[in-house]
Amino acid sequence: MLVYVLKRIGLALVIIILAVTLLYLMIHAVPGDPATVMLGPRATPELIAQLHQRMGLDKPLPVQIISFFGRVLSGDLGTDVFQEKPVAGIIISVVPYTLILVGAGIAWSLALGIPLGVFSALRPDSWIDKVAGILSVAFIAMPAFVVGLYALLLFAVTLGWFPVIGGGEGFAGQLHHLVLPAFTVGLGWVGYLARIVRASMLEVLAENHVRHARAHGLPQRVVHYQYVLRIAILPAVTIVGIGIGAMLSGVVFAEIIFARPGLGKLIFVAVQQRNFPLIMGTVLVTTTLFVVATTLSDIVNALLDPRIRERL
Amino acid sequence: MLSDPVLQIRNLSVEFSARKRTIRALRNIDLDIPRGGTVGVVGESGCGKSTLILSIMRLLAPNSKIVSGDIVFEDRSLFELTEREMQSVRGNEISMIFQDPLTSLNPVISVGQQLIDVQYRDSVAKKVKQQRAIDALSQVGIPDAEARLSSFPHQFSGGMRQRIAIAMTMIEEPILLIADEPTTALDATLEVQIIRELKELQKQSRCSILFVSHHLGVVADLCDYVVVMYAGEIVEQGPVRDLFYNVRHPYAQKLLECDPARIVRSAEKKFPTIPGDLPDLGNLPGGCIFSNRCHSAFDKCETHSPRRTEVSTGHSVSCHLY
């Protein structure tokens, strides 16, 4: 198991390095010189050259990449030339908001989606299963910004139960501000998880070892929740790992609609400004968090399934 | 039929509904399993052997229906038990070994835990259950049993996994053991060893065995009573020597002719086959079920179903010839 974990972490590091390098190259392939954008159309060539030098853009690409990694390892993600603040500081100030939002979104969708999937799989084609199926597909089909806007209109504006915008102050305030964004972010995942768990549970229930366990007198409870669910949950864990990664930048809609600080919004603004240091910094952080999430989900799967431990 | 049976199946008929058709999988099965005896069930694929077993275990698929009949086990009708009561019969009084050892153990739960889980109903300490698991594993010839408790099924070979399945039934000390082609998925040398384990198990626990197999040689070796099934009916049944030496039903005769051991000994060395196919169980013809493939069929066979006739003590056949 330890060998598996170490190998998996090694692989994760390689993925992060490759992804960040690729990203650095891609951003520089996009037309539009950041210095020109920042200084405006009337900048003199001297000013542009000066800014290039300050941002390290005058050096050859490989040197830029290597020095970028060097600085990253020492905790320096560069300086945001617009705000004249260190990028690392800006990111750290918003990361908790995103992590909490993603965490809360996934947590409630797991808490509802998995039991819903199990319930449906144990009563296939019952009316409850059919209703759950229709709802799940509806949840998946609804775009997050639509859910967000309607949730905002109904619960915040019309009913006034929850605050309209912002991140909130203090624990209770933050929690209060978290409810609607987390609902928005997690709703589609309830549907995904319910469908995935239902499908894989039905598949596992049809496997020979389930009949074998029943033939040896194991009660339904043990068969369903220890023998079947443990296998059926594996694809859901994988999907959640990828989902957390996708949500880190995908929560941008929720963050914009509810005017919450967060990584998604930061990337959105940074891209608009062609704010290279900030883009690189945020993408580096989201990529790392993405890889951490998928690595964790793989490790959880390896804990659940001994056969996975021996692969890789 | 026989005195003091452990299990009595009376007039059992089972149907499946599949795509708006009704498949009459089992029809009017009568079968006794004597205490401490071994009954072999033979027949080609699709003749209802597995349905028969799953009816006894009450593990039939939800689309199946027991149309008539009863199964009485130790003076209780199994069909009248609640699901909870049935759970305490399974793996306790009636235990089962399945055909494919590669898929019958749970892949993500350690072998030790699975051996402990089958003792679910026993209220003894976990230590005791674990010791029983170790003892059973060593008994079926798994070396270093204690260390291997934490191993998972995929870390064992097919033969080893079937031994683990046998170890489970050993722990359970059943009154009746049902073995559904326990050696079909294994190679010939393993087959001999597994049969030996089963004999050993029976000697120790004095359980009755219902043994389902394609392999007539193994049936002749292990069983003292044989049942021949064809297309969901029992066509002939009797004591093993009587049936093998005085086989009556044309289908059973053909089946015995197909035994490879006989073919090798014969001069022709040509593999005999039974011409024709199984009748459509969704649309049964009238008369004898085997009449369309039978070499000695006559007019009556096409119109009247044969009744069961006893030809000698305990040996009965359903055929118009007798």
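Here are some notes on this predicted model, taken point by point.

1. Let's start with the sheet in chain B. Eight strands form an open sheet in the order 6-7-8-3-9-10-12-11, with mixed pairing. Strand 6 and strand 11 of chain B sit at the edges with a single partner strand each, so one side of each has no neighbour in the sheet. On average, neighbouring strands of this sheet are turned by 20° against each other, direction ignored.

2. Two helices of chain B are worth a look against that sheet. Helix 1 (residues 49-57) of chain B packs on the sheet and touches strand 3 (38-42), strand 6, strand 7 (176-180), strand 8 (208-212) and strand 9 (225-230) of chain B. The direction of helix 1 makes about 150° with that of strand 7 of chain B. Helix 11 (residues 250-257) of chain B lies across strand 3, strand 9 and strand 10 of chain B, and runs at about 105° to strand 9.

3. Strand 10 (residues 233-239) of chain B pairs with strand 12 in the antiparallel sense over two bridges. Across that pairing, B:Glu236 stands opposite B:Val317, and B:Gln237 stands opposite B:Ser316.

4. The other neighbour of strand 12 is strand 11 (residues 308-312) of chain B, antiparallel to it and joined by four bridges. Here B:Thr309 is the residue opposite B:Val317. The two strands make a hairpin with two residues between them, and B:Gly314 takes a positive phi near 75° there.

5. Now the packing inside. The largest nonpolar core has 89 residues, and those with the most contacts inside it are B:Leu115, B:Ala167, B:Leu176, B:Ile178, B:Phe211, B:Val228 and B:Tyr230. Helix 7 (residues 158-172) of chain B supplies the largest share of this core, eight residues. Leaving out residues up to four places away in sequence, B:Ile178 touches B:Ile53, B:Ile56, B:Ile94, B:Met96 and B:Leu210. A second, separate core of 72 residues includes A:Leu178, A:Ile231, A:Ala232 and A:Ala270.

6. Chain A has 14 helices and two strands. Its C-alpha atoms fill a box of roughly 85 × 55 × 35 Å along the principal axes. Of its 312 residues, 38% count as buried. Among chain A contacts between residues at least 6 apart in sequence, 73% join residues at least 24 apart.

7. The contact between them takes 25 residues from domain 1 and 22 residues from domain 2. On the domain 1 side, the elements giving two or more residues are helix 1 (2-29), helix 2 (34-39) and strand 1 (79-80) of chain A. Helix 1 of chain A gives the most, with 12 residues. That side divides into 18 nonpolar, four polar and three charged residues.

8. Last, the contact between the chains: 25 residues come from chain B and 20 residues from chain A. On the chain B side, helix 2 (83-89), strand 6 (94-97) and helix 3 (101-104) of chain B are the elements that give two or more residues. By type, the chain B side has 12 nonpolar, nine polar and four charged residues.

Note on methods: Residues are numbered from 1 along each chain as its sequence is written. Chains are lettered from A and ligands numbered from 1 in the order in which they are written. This is a predicted model: local features need pLDDT of at least 70, side-chain atom pairs count only at pLDDT 80 or more; totals for chains, interfaces and linings use all residues. Two strands pair if DSSP finds at least two bridges between them. Two residues are in contact if their C-beta atoms, placed from the backbone, lie within 7 Å. Ala, Val, Leu, Ile, Met, Phe, Trp, Tyr, Cys and Pro count as nonpolar, Asp, Glu, Lys and Arg as charged, and the others, Gly among them, as polar. A residue is buried if 20 or more other C-beta atoms lie within 10 Å of its own, exposed if 12 or fewer, and partly exposed in between; C-beta atoms are placed from the backbone. A nonpolar core is a set of buried Ala, Val, Leu, Ile, Met, Phe, Trp, Tyr and Cys residues joined through C-beta atoms within 7 Å. Axes are lines fitted to C-alpha atoms, for helices over the stretch in contact, and angles run from 0 to 180 degrees between N-to-C directions.
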